[in-house]
Amino acid sequence: MAPAVFTLRPAIEEDRSRLANLLHFEPHVHRHLDWRRPLEWLGQSPFFVLEDSGRLLAALACPQDPPGLAWLRLFAVVTRIEIQQAWDALWPQAQAQLAAGGAQLAAAIPLNEWFVAPLRSSGFVHAQNVVVLDWPVSATILDAPQHAAIRRMRAEDLPAVYSVDKAAFAPLWQNPLGALEHAFQQAGFATVLEQDGEIVAYQISTHSAQGLHLARLATHPAQQGRGLALALTTHLQQYAHARQEARLTVNTQDTNQPSLALYQKLGFRLTQETFPVYQLEIAAD
């Protein structure tokens, strides 16, 4: 029997329905922990699909956002093709396009073990872990200094919030303005802290059936060490307590010792949930 000949091409808008079916009905689907749904990346590149005689076999999306960095937003494979076979067809094309576009780093957080082997086969390295902490809402809240300058975030604050975020995080963990806009739209409770009329720290939290999740917390580096993150977090704990939330959770990196120290000081406890972060440096084309 002759080997199968697959067709690889960029995904287009007309693929939306078939891609939705792929995401909903196939068991091997990697979705990035993202503010945007996978199909919202349609129209950006690299976003490739793999076909056999017009039948969709797999899809891979990893556009740069922010420039220079490409998170693997989507990798999905139907069951009648080997996962590695689909990856070997899609990733080299995506990597070449990323290199040509000036990307320096690709990264992925595989939530399922089946995705780890393809990543490793292409040179992705396990660099760190995202860890999850939770705080029982019935616990005592630390008696932290009150900051009258904490207020609800407004849409017009987002450019200033973006400036704080960009200054506070390494490129791998920065949120572009578009991502922060999505985050704000999905926020259940978002606040900013001002000093001399300027936003210097912020937090964005989301509601779910399991409780409240602190999705983002940042302080401008020039203001770090002054208790602002502690003030924002205790304010959030008071909000969660008043609402009688079931629990308050937060994610951080196991390499981020200042962040871990802050949350543990405030009574958060490490859970057993961890998510590996894999990275690959992209060589210039």
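**How do strands E9 and E10 pair?**

In which sense do E9 and strand E10 pair, and over how many bridges? E9 and strand E10 (residues 189–195) pair in the antiparallel sense, over three bridges. Strands count as paired if DSSP finds at least two bridges between them. Within this pairing, Ile150 stands opposite Leu193 in E10.

**Ground rules for reading the model**

This is a predicted model, in which local features need pLDDT of at least 70 and side-chain atom pairs count only at pLDDT 80 or more, while totals for chains, interfaces and linings use all residues. Residues are numbered from 1 along each chain as its sequence is written, and side-chain values use heavy atoms, with hydrogens and water left out.

**The nine-stranded sheet**

Nine strands form an open sheet with mixed pairing, in the order E5-E7-E14-E8-E13-E12-E11-E10-E9. Its edge strands are E5 (69–71) and E9 (150–152), each of which pairs on one side only. On average, neighbouring strands of this sheet are turned by 25 degrees against each other, direction ignored. Axes here are lines fitted to C-alpha atoms, for helices over the stretch in contact, and angles run from 0 to 180 degrees between N-to-C directions.

Let's look at strand E13 (248–253). Five of the six residues of E13 are buried, so the strand is mostly covered; buried means under 20% relative accessible area, exposed over 50%, and partly exposed in between (1.4 Å probe, protein chains only). E13 pairs with E8 in the antiparallel sense over six bridges, and Asp134 stands opposite Thr249 in E13. E12 and E13 run parallel and are joined by three bridges, with Leu214 opposite Val250 in E13.

**Helix H6 and the crossover**

Helix H6 (residues 228–242) lies across strand E8 (125–135), E9, E10, strand E11 (198–208), strand E12 (211–219) and E13, and runs at about 145 degrees to E10. Together, E12, H6 and E13 make a right-handed β-α-β unit. Right-handed here means that, with the strands pointing away from the viewer, the path from the first strand over the helix to the second runs clockwise.

At 1% relative accessibility, Thr191 counts as buried. Leaving aside residues up to four places away in sequence, Thr191 touches Ile150, Arg151, Arg152, Met153, Tyr202, Gln203, Leu232 and His235, where contact means heavy atoms within 4.5 Å.

In helix H7 (residues 257–265), the buried residues are Ser259, Leu260, Leu262 and Tyr263. They cover an arc of only 160 degrees around the axis, which puts them on the same side of H7; the arc is that of the directions from the helix axis to the C-beta atoms. Pro258 and Lys265 are exposed on the other side of H7. The cover over the buried residues of H7 includes E8, E12, H6, E13 and strand E14 (269–281). At the N-terminal end, Asn256 caps H7 through a side-chain oxygen that lies 3.1 Å from the backbone nitrogen of Ser259. After H7 comes Gly267, with a positive phi near 95 degrees.

Helix H1 (residues 16–25) has Leu19, Leu22 and Leu23 buried. They cover an arc of only 95 degrees around the axis, which puts them on the same side of H1. The face of H1 turned away from that buried side carries the exposed residues Ser17, His24 and Phe25. What covers the buried residues of H1 includes E2, E3, E4 and strand E6 (74–77).

**Backbone details in the loops**

Two cis peptide bonds are worth a look. The bond from Ser45 to Pro46 is cis, with omega near 0 degrees, and Pro46 sits in the loop between strand E2 (28–31) and strand E3 (47–52). The bond from Asp65 to Pro66 is also cis, with omega near 5 degrees, and Pro66 sits in the loop between strand E4 (55–61) and E5.

Positive phi values turn up too. Ser53, in the loop between E3 and E4, is not a glycine but has a phi near 50 degrees; at 69% relative accessibility, Ser53 counts as exposed. Gln244, in the loop between H6 and E13, has a positive phi of about 55 degrees, and at 71% relative accessibility Gln244 counts as exposed.

How values were computed:
Helices (H or I, at least four residues) and strands (E, at least two) are DSSP runs, numbered from the N terminus. A polar contact is a pair of N or O atoms within 3.5 Å; within protein, one must be able to donate a hydrogen and the other to accept it, and residues adjacent in sequence count only if both atoms are side-chain atoms.
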